[in-house]
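Thank you for asking me to look through this structure with you. Please keep the sequence and the 3D view open while you read the points that come after them.

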2 protein chains.
Amino acid sequence: MNQYQPRLEKLFDWMARESVTLAVFEDAGGRRDQTVRYLTGQPGDALLFLSLDRKTVLVPWDINMAKAYAHADMIIPYSEFERLPHKAITAVAEMLGIPAGSKIEIPPVTPYPLFLNYVGELTDFDILCRERGLAAEVKKIRAVKDDEEIKIYRKAADITNALIGLLEKNTRSGKIKTEADAALLIEVEARRGGCEGTGFETLAAGPERSFGIHAYPAWTDSPFAGPGLSILDFGVRLAGYTTDVTLTFVREANSRQEKLAGLVEKAAKLSLSMADNGAPARGIASAVEDLFAKAKKRMPHALGHGIGLEEHEYPAVSKRPDNEWILEPGMIFTLEPGLYDPLHGGCRLENDILMTETGPEVLTEARIIRL
Amino acid sequence: MNQYQPRLEKLFDWMARESVTLAVFEDAGGRRDQTVRYLTGQPGDALLFLSLDRKTVLVPWDINMAKAYAHADMIIPYSEFERLPHKAITAVAEMLGIPAGSKIEIPPVTPYPLFLNYVGELTDFDILCRERGLAAEVKKIRAVKDDEEIKIYRKAADITNALIGLLEKNTRSGKIKTEADAALLIEVEARRGGCEGTGFETLAAGPERSFGIHAYPAWTDSPFAGPGLSILDFGVRLAGYTTDVTLTFVREANSRQEKLAGLVEKAAKLSLSMADNGAPARGIASAVEDLFAKAKKRMPHALGHGIGLEEHEYPAVSKRPDNEWILEPGMIFTLEPGLYDPLHGGCRLENDILMTETGPEVLTEARIIRL
């Protein structure tokens with residue numbers, strides 16, 4: 001049995017409970033969904049169908065890639081359907097003998113005009129497009145990593161930690177002088193460590209640019225780790241799964257900059273002390289915002305987020321009123337308090353946490369590095 | 001007057017003709033839309049509102065970035081609306097005094113559940129979400145580049161061409177040995193040339209991996225430009241605009257590989273000879289597919305696509321039945337015939353074409369390089 005089967009079984013069971021006869025997943029430009037990879041191994045553009053009688057049909061854009069990577073009962077090139085999703089759904093429903101009147105569930109990111117198109121073409125079926133159906137179930141399942149995934153994360157964390165050490169060493173020695181030096185070192189070392197690459201575009205922002213949450217451009221030829229606050233936010237992607245850490249380098253800080261760094265470190269400690277099994281993620285985010293509010297500061301982004309095949313997964317670790325996530329064993333998420341000042345620069349400290357039966361385990365070793 | 005005003009005027013005129021009182025654009029994770037940057041200069045996450053009385057309101061996620069980059073009549077941080085789009089729309093509609101019963105147009109990529117949410121919250125207004133409304137107008141406007149954009153593209157093409165020369169030289173000299181060598185050279189040289197970076201993830205696929213349209217991972221430590229076919233697909237991003245070229249390196253080709261390369265070169269010539277003002281893009285794509293069909297080959301992707309702030313813009317250059325794009329002056333698009341064989345590897349030749357009053361101008365100098 002491969003690692004995909006137990007994941008599929010959970011969804012087949014859910015489909016049976018909910019009387020959903022056909023479930024459709026789509027990974028396409030503008031509508032990326034790594035669930036296709038999570039359930040089949042196919043890393044690129046494709047449609048995936050799950051049927052109530054426990055069959056999987058993959059409709060990839062690149063059939064050669066699917067032959068090399070994917071596990072599915074049937075694989076049919078998308079070109080057979082002119083790469084039109086409604087044609088593919090119609091044909092697959094017929095091929096699998098889905099009875100008229102059945103429920104077909106499509107992704108909740110389906111644009112409204114495309115939804116109308118499906119409803120117009122698939123008149124024999126009951127088309128479901130909802131946040132709280134299949135997609136919510138997938139989010140829930142993917143938010144708790146299985147043993148295979150945790151194994152990958154331990155390795156990815158080792159590679160990340162070695163890289164953090166090297167980044168600190170090379171910055172201290174003066175080998176890293178520019179944002180580009182830092183970003184390119186990460187690109188090279190990630191692959192040397194056996195990763196597919198970086199998990200997202202590395203963000204290297206020297207003192208002049210660190211005021212931005214996500215500096216634009218992500219990295220340039222300008223100086224890094226000179227006097228002030230410099231931010232380095234990166235992840236390595238191993239077998240599809242990305243880590244996500246942020247270091248801040250502090251050099252010759254003025255009192256404002258020291259205050260930002262101190263507050264962020266305090267917030268990181270506070271949030272970690274609260275992250276335990278059964279804790280509502282929202283409460284942790286609120287506590288950090290309260291801490292900052294006391295110092296008359298405001299964090300312009302969420303405290304954290306789950307990580308996995310996507311850079312942002314569940315659980316959400318934000319204080320949004322609709323955030324109902326409760327931490328539980330198997331969840332892997334970031335905690336990343338940050339403060340940004342247009343004049344004095346920004347500071348963020350981000351680590352990846354694995355929740356275990358016995359509490360939080362900090363997988364990564366990101367830190368605020370005082371030069 | 002900045003470069004954004006004439007673009008906005010076109011849309012304000014369209015809104016007046018169509019009686020749309022408020023237009024909403026969204027650039028967000030999972031729903032990227034560079035139209036926000038096109039109309040304001042803001043490079044990151046934000047909502048943008050255009051009102052019939054010719055006002056613009058920008059609601060950015062990162063207010064510091066907006067202060068540094070964006071032009072808009074009003075700028076309000078997204079956090080004021082708890083980063084909830086329906087709250088922002090409600091508040092901005094009230095602030096601008098949009099009368100009850102007005103038409104508010106939202107992006108056609110709005111997911112169906114979010115659309116229901118808007119309709120439920122904005123009960124005073126007529127919510128439009130359609131492919132053939134505002135979004136189609138924006139596509140049409142953005143498909144034809146203005147003088148400012150063409151100036152950027154000429155510079156970006158120069159940088160790209162210098163890079164192509166360097167890539168050929170360093171491959172011939174043996175300095176580039178691996179996919180990583182090629183990809184990292186591009187990262188460094190793009191920035192040295194004044195670009196923001198690469199326009200998309202560079203795809204460097206040596207002979208073992210070039211069979212994939214988009215090899216996965218995009219580049220690795222494995223050999224590049226050894227015996228067989230190697231593909232290098234990249235672009236540089238200058239002031240937001242990306243080029244998009246593909247080189248194929250051929251070394252010690254067998255007869256199958258020579259045949260693929262010869263056919264692709266023939267297709268590139270054919271498509272360029274047909275690309276003229278007034279030509280339907282679909283016809284060019286069909287002619288290339290016919291050429292390949294005669295040789296019993298099939299191209300698994302479209303012949304080309306517009307480029308701009310996004311890697312894929314309009315005009316479409318595909319043979320899809322719904323492709324009605326006609327080439328006209330100011331359009332900038334790729335032509336990229338390619339053929340892929342699971343055993344013998346892939347070959348693609350992609351250049352960027354600017355349509356001028358007097359016909360096509362090939363901006364870039366990508367080629368099939370025989371080593």
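Predicted model: local features only at pLDDT ≥ 70, side-chain atom pairs only at ≥ 80, totals over all residues.

1. Which residues of α1(B) are buried? They are B:Y4, B:R7, B:L8, B:L11, B:F12, B:W14 and B:M15. When you look down the axis of α1(B), these buried residues fall within an arc of 160 degrees, so they line one face of the helix. Just after α1(B) comes B:S19, which takes a positive phi of about 50 degrees.

2. Over all chains, a search of the whole structure finds 11 aromatic pairs. One of them is formed by A:Y314 and A:W325, a stacked pair with 5.3 Å from centre to centre and 25 degrees between the planes. This pair links distant parts of the chain, since A:Y314 belongs to strand β14 (residues 313-317) of chain A, while A:W325 lies in the loop between β14 and β15 (332-335) of chain A, 11 residues apart. With a relative accessible area of 29%, A:Y314 is partly exposed, whereas A:W325, at 19%, is buried; the cut-off that matters here is that buried means under 20%.

3. Why is the pair of B:F224 and B:F249 called edge-to-face? The ring centres of B:F224 and B:F249 are 5.4 Å apart and their planes stand at 75 degrees, so the pair is edge-to-face, given that planes over 60 degrees apart count as such. B:F224 is found in the loop between β8 (203-205) and β9 (228-234) of chain B, and B:F249 in strand β12 (residues 245-251) of chain B, so the pair ties together parts that are 25 residues apart in sequence. B:F224 counts as buried at 4% relative accessibility, and B:F249 is buried as well, with a relative accessible area of 0%.

4. Aromatic residues of both chains also come together, for A:Y112, A:F115, B:Y112 and B:F115 form one aromatic cluster.

5. The charged end of A:R142 sits over the ring of A:Y38, 5.8 Å from its centre, and A:R191 lies over the face of B:W219, at 3.1 Å from the ring centre.

Methods:
Residues numbered from 1 in each chain as written. Chains lettered and ligands numbered in written order. Heavy atoms only, no water. Buried < 20%, exposed > 50% of the residue type's maximum accessible area, 1.4 Å probe, protein only. Helix = DSSP H or I, 4+ residues; strand = E, 2+ residues; numbered from the N terminus. Arc of directions from axis to C-beta. Phe/Tyr/Trp six-rings, centres within 6.5 Å; stacked < 30°, edge-to-face > 60°. Lys NZ or Arg CZ within 6 Å of the ring centre and 35° of its normal.
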